[in-house]
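Walk through this protein from its overall build down to single residues. Keep the model open as you read.

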Amino acid sequence: MTTTTYLSVILLFIACSVYGQQKEQPSLEGSWMGKANAKDLSLEELVLFRFEKKNNSVKGFMDFPDKRLKDIPLDKVWMVKDSVFADARKSLGWPESAPLIFKGRIMPGDSIIDGVWGGERHLEVRRTNDVFTLKTNLNPALSGYKIIKLIESTPIKDQQATGACWSFATTSFIETEAIRLKKKAVVLSPMFFVRPTYINKAENYIRRNGSSAFGEGDLTFSVLKAYKEYGAIPEMVYPGKNGSDTKYDHSEMNIALLEKAKYYSQSHGNLTPALYRKDMDDILTQTLGKVPATFVYEGKVFTPKTFATEMIGINPDDYVEITSFSHHPFYTKFVLEIEANWNNNYYLNLPLLDFNSVIDDALLHNYSVCWDGDIYEGLNNGFAVLDSNKMITQQIRQAAFDNRTTEDVHNMHIIGMAKNQKGEPFYILKNSSDGKDCGGYLYMSKEYLLLKTISVMVNKNAISKAIVKKAGNNL
């Protein structure tokens with residue numbers, strides 16, 4: 001080879017190497033922030049994307065600082081060369097026909113992504129070191145409010161990037177009931193109750209050919225059913241996180257579970273409950289980890305069943321869900337028509353005054369209350385209050401349920417009562433979600449409770465003899 005030819009080959013190799021380096025896919029990891037444009041400036045919204053590498057794929061979350069919302073998971077994030085695509089239709093409850101939440105192109109320099117938000121609005125996001133945080137109130141006492149009753153309970157829980165509020169709230173309720181029964185305070189694993197609930201819900205979905213609900217939402221009934229059948233386990237023994245995970249994130253698990261359930265709901269022939277229940281359990285294990293058959297707690301060996309019996313001591317049959325709607329007879333039980341009630345559970349229906357008195361009497365007699373209701377309006381900065389202080393009647397409450405301005409959205413745990421300086425009553429709740437800066441202890445006005453509550457769960461012994469007599473065998 002001549003010197004000239006040799007130099008030409010070297011130069012060609014260098015050029016190819018440089019070209020190859022230039023064509024490497026740009027990095028998406030990190031945080032990107034920008035404001036989605038709108039003709040109406042009041043509709044512009046600040047968006048913070050957070051991308052991270054996980055298992056050879058890109059995982060993403062969205063924060064909305066102006067709306068005080070955090071950790072909204074992206075269903076899927078992928079790249080084609082320097083183009084970025086983000087799908088959040090399942091997370092946001094959008095139909096399959098809806099556009100991608102974001103698509104854009106990483107500009108030269110890898111510090112700007114120029115794209116489209118929601119299919120039509122321009123959104124340019126830039127790399128940022130900003131970290132968005134929400135407020136969590138860890139003190140049940142508030143300045144300007146006098147606590148009337150505060151029931152001893154366990155520390156505040158954080159559901160993080162999950163929709164398992166129903167398990168977090170009911171788990172807190174069970175822990176608090178154990179304290180009332182003079183048991184030593186223990187922090188239980190909410191994820192232990194999530195596992196069997198998902199599997200049972202999947203079987204129901206498959207048997208009904210996909211016509212029933214199969215999502216993250218659920219009810220207190222499912223936790224009590226899991227407790228009755230499987231027991232309970234301390235969170236320190238079973239945190240419900242797999243491997244090195246530091247936070248709860250069920251977005252990928254939920255997608256995998258739904259895809260598997262849909263597959264089996266359309267299958268015929270080689271199909272057994274044992275088969276699909278095992279497949280669901282395997283998917284759950286990948287995210288939640290495997291439940292130990294036995295474990296040591298404070299120097300003693302337990303199974304989940306023996307732990308529940310000895311360390312918690314509640315009887316799941318001692319509890320009832322009560323509600324107040326006039327489209328069914330009062331003092332009877334009926335199957336409440338909400339999506340999360342996939343198992344057709346029965347609720348005791350009481351007139352609004354009796355409904356409210358059950359809650360107040362329970363709290364004043366040291367029985368906490370598990371709450372299920374709507375938080376789409378009036379929730380902000382540690383309070384749940386209505387825009388107006390109008391008196392809530394049975395008719396107003398029924399109209400809100402009928403027109404769906406009161407829906408089954410969130411579960412929390414009521415542990416106390418307070419009054420403001422005007423003497424107006426409030427309820428003190430434990431909230432496992434920090435959305436709208438309402439994490440930790442939250443104060444809810446009586447009017448909000450009467451209008452926005454779907455139902456509450458209480459110990460039957462907390463219900464007055466007069467109401468028990470009216471309900472008769474329905475209780």
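The paragraphs below go from the whole chain to helix contacts, cores and a few loop residues.

This is a predicted model, in which local features need pLDDT of at least 70, side-chain atom pairs count only at pLDDT 80 or more, and totals for chains, interfaces and linings use all residues. Residues are numbered from 1 along each chain as its sequence is written, and side-chain values use heavy atoms, with hydrogens and water left out.

Start with the whole protein. It has 12 helices and 23 strands. Helices (H or I, at least four residues) and strands (E, at least two) are DSSP runs, numbered from the N terminus. Along its principal axes, the C-alpha trace spans about 105 × 55 × 45 Å. Of the 475 residues, 49% are buried. Buried means under 20% relative accessible area, exposed means over 50%, and partly exposed lies in between (1.4 Å probe, protein chains only). Contact means heavy atoms within 4.5 Å. Among contacts between residues at least 6 apart in sequence, 66% join residues at least 24 apart.

Now turn to the helices. Helix α3 covers residues 165-180 and helix α4 covers residues 190-207. Their axes come within 9 Å and cross at roughly 130°. Axes here are lines fitted to C-alpha atoms, for helices over the stretch in contact, and angles run from 0 to 180 degrees between N-to-C directions. The two helices are therefore oblique to each other. Angles under 35 degrees count as roughly parallel, over 145 as roughly antiparallel, 65 to 115 as roughly perpendicular, and the rest as oblique. The crossing of α3 over α4 is right-handed. A crossing is right-handed if the near helix is turned clockwise from the far one by less than a right angle, and left-handed if anticlockwise.

Which residues of α3 and α4 meet? From α3 come W166, S167, F168 and T171. From α4 come P190, M191, F193, V194 and T197. By class, the residues of this contact are 6 nonpolar, 3 polar and no charged. Ala, Val, Leu, Ile, Met, Phe, Trp, Tyr, Cys and Pro count as nonpolar, Asp, Glu, Lys and Arg as charged, and the others, Gly among them, as polar.

Helix α3 also packs against α5. Their axes come within 8 Å and cross at roughly 60°. That makes α3 oblique to α5. This crossing, too, is right-handed. W166, S167, T170 and I174 of α3 meet T220, S222, V223, L224 and Y227 of α5. The contact divides into 5 nonpolar, 4 polar and no charged residues.

Next comes the pair α6 and α7. Their axes come within 10 Å and cross at roughly 170°. That makes α6 roughly antiparallel to α7. On the α6 side, the contact uses M253, A256, L257, K260, A261 and Y264. On the α7 side, it uses L275, Y276, D279, M280, I283, L284, T287 and L288. Here the classes are 11 nonpolar, 1 polar and 2 charged residues.

Look inside next. A nonpolar core is a set of buried Ala, Val, Leu, Ile, Met, Phe, Trp, Tyr and Cys residues joined through side-chain atoms within 4.5 Å. The largest has 45 residues, and those with the most contacts inside it are I174, F214, Y227, L257, F307 and I312. At least two residues each come from α3, α4, α5 (220-230), α6 (251-265), α7 (273-288), β12 (295-297) and α8 (304-312). The most come from α4, with 8 residues. Beyond four places in sequence, F214 touches Y198, K201, A202, Y205, L257, L258 and A261. A second, separate core of 39 residues includes V369, I392, M417 and V458.

Finish in the loops. A232 sits in the loop between α5 and α6. Is A232 buried or exposed? A232 is buried, with a relative accessible area of 0%. Its C-alpha atom is separated by 7.0 Å from that of L188, 44 residues apart along the chain. Leaving aside neighbours within four places in sequence, A232 contacts L188, F192, F193, Y227, F295, P304, F307 and A308.

K81 lies in the loop between β5 (76-80) and β6 (83-87). K81 is not a glycine, although it has a positive phi of about 60°. At 69% relative accessibility, K81 is exposed. E298 lies in the loop between β12 and β13 (300-302). Phi of E298 is near 50°, a positive value in a residue other than glycine. E298 is exposed, with a relative accessible area of 52%.
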